[in-house]
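Let's read a protein model together, one feature at a time. Bring your questions, and we will go from the general idea to the case at hand.

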Amino acid sequence: MSAVPLPPLPPTPAPEEGYRPAGRSIADIVDREHQQLLSLVEQLTGPEATPQEALAVLTAALSRHLSAEEQYLLPAVRAALPTAGERVDAEITADAGLLNALKGLTDEALTDVAGRVRQHVEGVGALVTELRAVATEEELIRLGNRLEIAEEAAPTRPHPSTPATPPWNRIVEPAVGVVDKVLDAVTRRPTYLADLPEPPRD
């Protein structure tokens, strides 16, 4: 197994036999979020009008998800899989298109957004499968810990013009996220799947 160049992380103790860091694998986290996002868009693209609260949650969930992936998952894929660089670039371009489609999301735009989400899950899902094959479990878990921290600090609104690659996205995105969260608190805007009356299935 080849080592994946990790972002700067706190030092860990010298590994002992059977050592496993605490946390969840970045691959498991991303796979689960992809399933939740697919379930949510299926739920919202039914024949009935979509509540504004659900559109807000979808926008926030996707904004956080894409931001965190661009900060940690895609750079790890680029480093671990040198031949995947063009595919990573294509996913970053597709992310910008999805974020643009999320701006002022309405019922009429849901079909387009749903299609883009399905394409995202397929493209990034394939990269995650390949990353699993070359990274150690410890590397995947440490990346997963960074991804979860990044998601909590990430924007909850689409900002397609912000930097999409390190190091600048790791600086700019949390700052933008603070502003978004203040607006969310002031307007009492729902931003988490758990805020929905019927959260999507895992």
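This is a predicted model: local features need pLDDT of at least 70, side-chain atom pairs count only at pLDDT 80 or more; totals for chains, interfaces and linings use all residues.

Q: What does L73 touch, not counting residues up to four places away in sequence?
A: With those set aside, L73 touches I26, V30, A68, V124, V128 and L131.

Q: Is G144 buried or exposed?
A: G144 counts as buried because its relative accessibility is 0%, and the cut-off for buried is under 20%. The residue lies in helix α5 (residues 137-153).

Q: What is G144 in contact with, leaving aside its neighbours within four places in sequence?
A: The contacts are R24, S25, I26 and I29. Take R24: it is 120 residues from G144 in sequence, while the two C-alpha atoms are 5.7 Å apart in space.

Q: Which residues form a nonpolar patch on the surface?
A: V178, V182 and V186 do, and together they have about 290 Å² of accessible area. V182 is found in helix α6 (residues 168-187). With a relative accessibility of 48%, V182 counts as partly exposed.

Q: How should I read backbone angles?
A: The peptide bond from P166 to P167 is cis, with omega near 5°, and P167 is found in the loop between α5 and α6. R188, although not a glycine, has a positive phi of about 55°. R188 sits in the segment after α6 and is exposed, its relative accessible area being 78%.

Q: How many salt bridges does a search of the whole structure find?
A: The general idea is that side chains of opposite charge can pair when their charged atoms come close. In this model, the search finds nine salt bridges. One of them joins the side chains of E42 and R118, at 2.8 Å from N to O. This pair links distant parts of the chain, with E42 in helix α1 and R118 in helix α4, 76 residues apart. E42 is partly exposed at 47%, and R118 is partly exposed at 35%.

Q: Which residue forms a salt bridge with R87?
A: The partner is E130, and the closest N and O atoms are 2.8 Å apart. R87 in helix α3 and E130 in helix α4 are 43 residues apart, so this pair also links distant parts of the chain. R87 has a relative accessible area of 34% and is partly exposed; E130, with 30%, is partly exposed too.

Q: Are D184 and R189 buried or exposed?
A: D184 counts as buried at 7% relative accessibility, and R189 counts as buried at 18%. The two form a salt bridge, with the closest N and O atoms 2.9 Å apart. Elsewhere, salt bridges that share partners join D28, D31 and R132 into one network.

Definitions and conventions
Residues are numbered from 1 along each chain as its sequence is written. Side-chain values use heavy atoms; hydrogens and water are left out. Helices (H or I, at least four residues) and strands (E, at least two) are DSSP runs, numbered from the N terminus. Buried means under 20% relative accessible area, exposed over 50%, partly exposed in between (1.4 Å probe, protein chains only). Contact means heavy atoms within 4.5 Å. Patches are made of residues with over 30% relative accessible area and no salt bridge: like charges are joined within 9 Å, nonpolar side chains (Val, Leu, Ile, Met, Phe, Trp, Tyr) within 5 Å. Accessible areas come from the Shrake-Rupley method with a 1.4 Å probe; for residues, only the protein chains shown count as cover. A salt bridge is a side-chain nitrogen of Lys or Arg within 4 Å of a carboxyl oxygen of Asp or Glu.
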